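Biologist: I have the sequence and the model open side by side. Could you walk me through what you computed?

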Amino acid sequence: MTMSDLPTTTHLSSVQLQSLRQDLQEQQEQRRRQLHDLREQEQDGSGADGTWQELVVSLTAAERAVAELSQAFDRLAAGTYGRCTHCRAAIPFERLKVRPLARTCIDCQRRREAA
Ligand SMILES: [Zn+2]
């Protein structure tokens, strides 16, 4: 599947997209700051084993979040943001507003969780 096979029309209005983009930007800024702090802590190498493990877990989560956010920006640029990556159904704005990183519609999400 190539990028050109994906539907590029979006069901979201420009105002809605703008609002979601802003949410994503705020999240990205927050996550990048968090990642920066965590990396500094990592370099300090201080703390007991317990905190070290927590640090690694937090770092992994923050790295994943930053990667997911940058993918969301790619989808925004490509015009595929807000479409289920599974069945290509339009994901309602209300769902995206709660979960701007949602990549699947509720039906596919449920099916995946049930599997
Ligand atoms: Zn779907």
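Modeller: Buried residues make up 10% of the 115 residues in the chain, where buried is defined as 20 or more other C-beta atoms within 10 Å of a residue's own, exposed as 12 or fewer, and partly exposed as in between, with C-beta atoms placed from the backbone. This is a predicted model, in which local features need pLDDT of at least 70 and side-chain atom pairs count only at pLDDT 80 or more, while totals for chains, interfaces and linings use all residues. Residues are numbered from 1 along each chain as its sequence is written.

Biologist: OK, and how many helices and strands does the chain have?

Modeller: There are four helices and zero strands, so the pattern read along the sequence is α-α-α-α, with helices (H or I, at least four residues) and strands (E, at least two) taken as DSSP runs and numbered from the N terminus.

Biologist: What share of the contacts comes from residues 24 or more positions apart?

Modeller: Such residues account for 57% of the contacts in the chain with a separation of 6 or more, a contact being two residues whose C-beta atoms, placed from the backbone, lie within 7 Å.

Biologist: Switching topic, what does UniProt place at residues 79-113?

Modeller: The unreviewed UniProt entry places "domain: Zinc finger DksA/TraR C4-type" there, and also annotates "zinc finger region: dksA C4-type" at residues 84-108; UniProt positions are in the numbering used here, feature names are shortened, and annotations may be inferred rather than shown by experiment.

Biologist: How far apart are the end C-alpha atoms over residues 84-108?

Modeller: They are 8 Å apart, and that stretch is 36% helix and 0% strand, whereas over residues 79-113 the end C-alpha atoms are 27 Å apart, with 40% helix and 0% strand.

Biologist: And Ile106, buried or partly exposed?

Modeller: Ile106, in helix α4 (residues 106-114), is partly exposed because it has 13 C-beta neighbours inside 10 Å.
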